[in-house]
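Colleague: Could you take a close look at how the helices pack in this one? I'd like one connected walk-through.

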Amino acid sequence: MTWDILNIIGTTAFALSGVFAAMDEEYDLMGIYILGFVTAFGGGAVRNLLIGVPVTNLWEQEALFLTAFIIMTIAFLLPRFLFETWRKWGLMFDAIGLGSFAVQGAIYASEMNLPLSASIAAAALTGTGGGMIRDVLAGRKPLFLRHEIYIAWTVPAGIGIGMGWISSMPGYITILALIVIARMLSVHYGWRLPRSRPIRQQQH
């Protein structure tokens with residue numbers, strides 16, 4: 001049940017995020033579906049490659065593919081004024097997808113009895129993989145490479161779940177909510193991680 005709920009939340013949020021990105025770039029209907037699908041399922045594919053699960057397992061999620069297809073079709077058919085209203089929530093959808101898939105990835109690694117490092121990596125790559133592919137295909141600089149804090153918010157999920165501190169649905173929902181809130185606050189207040197100064201060659 002926990003797995004299914006997180007899957008539905010993450011798939012819906014990232015599918016919509018992909019649709020908004022595709023429409024911003026004025027893609028046609030097929031381009032919208034492609035970008036939406038890779039955003040919704042790209043993180044799971046990257047995770048599976050990382051921890052040795054066959055990527056073909058993704059094709060067993062027929063219900064989720066159908067859900068994503070319906071959500072994307074509805075978003076595409078929305079009247080323009082409604083779409084503009086929805087598009088303002090694009091960042092929120094991305095944050096929800098980030099949090100839900102980060103938690104899902106950590107659970108996946110934990111249930112396979114993989115070490116803590118694998119749980120952290122699975123949380124990070126499941127949470128950001130779809131968005132990374134989306135941004136690359138849309139010709140954008142991936143969010144996790146920008147100055148704002150993005151991928152770092154997935155680490156608490158990887159640690160908490162990997163260490164066994166979080167192992168119930170209320171805990172999963174709590175860490176998901178905290179990731180979404182932290183992500184939104186970091187954007188609103190412009191929080192940044194420390195950066196190194198560029199190395200400049202001395203003038204001779």
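Modeller: One cut-off before we start: a residue counts as buried when its relative accessible area is under 20%. Keep in mind too that this is a predicted model. With that cut-off, Asp 135 is buried, because its relative accessible area is 2%. Asp 135 sits in helix α6.

Staying with α6, let's see what it packs on. Helix α6 (residues 116–137) and helix α7 (residues 155–162) cross at roughly 145 degrees, and their axes come within 8 Å. That crossing is right-handed. On the α6 side the contact uses Leu 116, Ser 119, Ile 120 and Ala 123, which meet Val 155, Gly 158, Ile 159, Ile 161 and Gly 162 of α7. Sorted by class, that contact has six nonpolar, three polar and no charged residues.

Next pair: helix α5 (residues 90–111) against helix α8 (residues 169–189). Their axes lie 9 Å apart and the packing angle is about 140 degrees, so α5 is oblique to α8. Here too the crossing is described as right-handed. From α5, the contact residues include Leu 91, Met 92, Ala 95, Ile 96 and Gly 99, while α8 brings in, among them, Tyr 172, Ile 175, Ile 179 and Arg 183. The contact of α5 with α8 divides into 15 nonpolar residues, two polar and one charged.

Now for α2 and α3. Helix α2 (residues 29–51) packs on helix α3 (residues 62–77) at about 135 degrees, with 10 Å between the axes; the two are therefore oblique to each other. α2 passes α3 in a right-handed crossing. In α2, Leu 29, Ile 32, Tyr 33, Gly 36, Phe 37 and Phe 41 make the contact, and in α3 the partners are Leu 64, Phe 65, Ala 68, Phe 69, Met 72, Thr 73 and Phe 76. By class that gives 11 nonpolar, two polar and no charged residues.

Last, how this lines up with the record. An unreviewed UniProt entry annotates residues 6–23, 30–51, 63–83, 149–166 and 172–191 as "transmembrane region". In the model, residues 30–51 are 100% helix and 0% strand, with the end C-alpha atoms 31 Å apart. Residues 149–166 are 44% helix and 0% strand, and there the end C-alpha atoms are 23 Å apart.

Methods:
Residues numbered from 1 in each chain as written. Predicted model: local features only at pLDDT ≥ 70, side-chain atom pairs only at ≥ 80, totals over all residues. Heavy atoms only, no water. UniProt positions renumbered as here; feature names shortened; annotations may be inferred. Helix = DSSP H or I, 4+ residues; strand = E, 2+ residues; numbered from the N terminus. Axes fitted to C-alpha atoms, helices over the stretch in contact; angles between N-to-C directions. Parallel < 35°, antiparallel > 145°, perpendicular 65-115°, else oblique. Left-handed = near helix turned anticlockwise from the far one by under 90°. Contact = heavy atoms within 4.5 Å. Nonpolar A, V, L, I, M, F, W, Y, C, P; charged D, E, K, R; others polar. Buried < 20%, exposed > 50% of the residue type's maximum accessible area, 1.4 Å probe, protein only.
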